[in-house]
Amino acid sequence: MKKYSFFFVYELAALVDGFAGDQSSYNYIDWSNPAITKRLRHFSKDTILHHFIYQIISTYQYERAKVDGDTIACYEKEKIEILETAFHEYSIAVEPYSLYLARATGDYRNHGYPVDCYLPWYENNKDSFNNLWMTLTPEVFHILFPNRSFLLKFNLGLAQYLTSGKVKLPSELLTSKGFIKRDKTFPAWLKKAVYFREHGRCIFCEVDLSGLLSTDRQIHYDHMVPLARFGVNDPANIQLLCQACNLKKLMGEGSTSTRYAAWWD
Ligand SMILES: [Zn+2]
């Protein structure tokens, strides 16, 4: 079990949801890092979606500190309070903003910043901020992973980006047709997670695949956006289907279901 505080996290999840629909957001993925591109080819617990969440929330918060429209963002009591409470909530050490203000005298003015601008505070405490975004990333993931509509939007956005020619992937990741190679080792932890998320049912026809009272159900772990449509081997691209529904879907577009097992009827 994990301890999650969910402080500040819904706002960040909404942010990531919004950015997933915008093609330029996928520029923030660190495409030059082989450890990241490898995740397209091989299922990793540290998913591409985790990386995307981290990149979006850290970049967005830094940009917010840097500019506010055309001007440098200055002291906003509410914003500073939220950040300081988050540091406190997650037990991450940071120089208190009030202390920073007390010692930030002419130095920052000389660099063209007003003294109550919080960008220098952010930059002086970059490790603390990075630590905060890394700590919040799994909580944002926890909220977004059950939401298949979001996952489809993310995977379609990623597939579109990969076909745009903006990124050149290492050839060992690709088939001769330029698709991501299939990862044939389907890890047990991923099967369990997807099975648990879908409550053991095919997400399309909703047949019970648990096999408790029948033996003729075959479970298929399906790529929401197929590899042949530039989908990737990321856990966030996998869903549970029965054999019949998977065979119907095989060559189709990326698709999912927006129906969920309710907590009660
Ligand atoms: Zn089905």
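Trainee: What am I looking at, and how are residues numbered?
Mentor: It's a predicted model: local features need pLDDT of at least 70, side-chain atom pairs count only at pLDDT 80 or more, and totals for chains, interfaces and linings use all residues. Residues are numbered from 1 along each chain as its sequence is written, and side-chain values use heavy atoms, with hydrogens and water left out.

Trainee: What's the average pLDDT?
Mentor: The protein averages 90, and 91% of the residues score at least 70. pLDDT is the predictor's confidence in each residue, from 0 to 100.

Trainee: Where is confidence lowest?
Mentor: In helix α6, residues 106-110, with a mean of 51. Helix α9, residues 148-162, is highest at 98.

Trainee: How many helices and strands are there?
Mentor: Eleven helices and two strands. Both are DSSP runs, numbered from the N terminus: helices are H or I with at least four residues, strands are E with at least two.

Trainee: How many residues are in contact?
Mentor: 23 residues of domain 1 touch 31 residues of domain 2. Contact means heavy atoms within 4.5 Å.

Trainee: And what area is buried between them?
Mentor: About 2400 Å², with carbon and sulfur atoms giving 69%. That is the accessible area (1.4 Å probe) the two parts lose on being put together, summed over both.

Trainee: Which residues of domain 1 lose the most?
Mentor: L40, R41 and F43. Together they make up 36% of what that side buries.

Trainee: Which elements of domain 1 touch domain 2?
Mentor: α1 (9-20), α2 (34-41) and α3 (48-66) each give two or more residues. α2 gives the most, with five.
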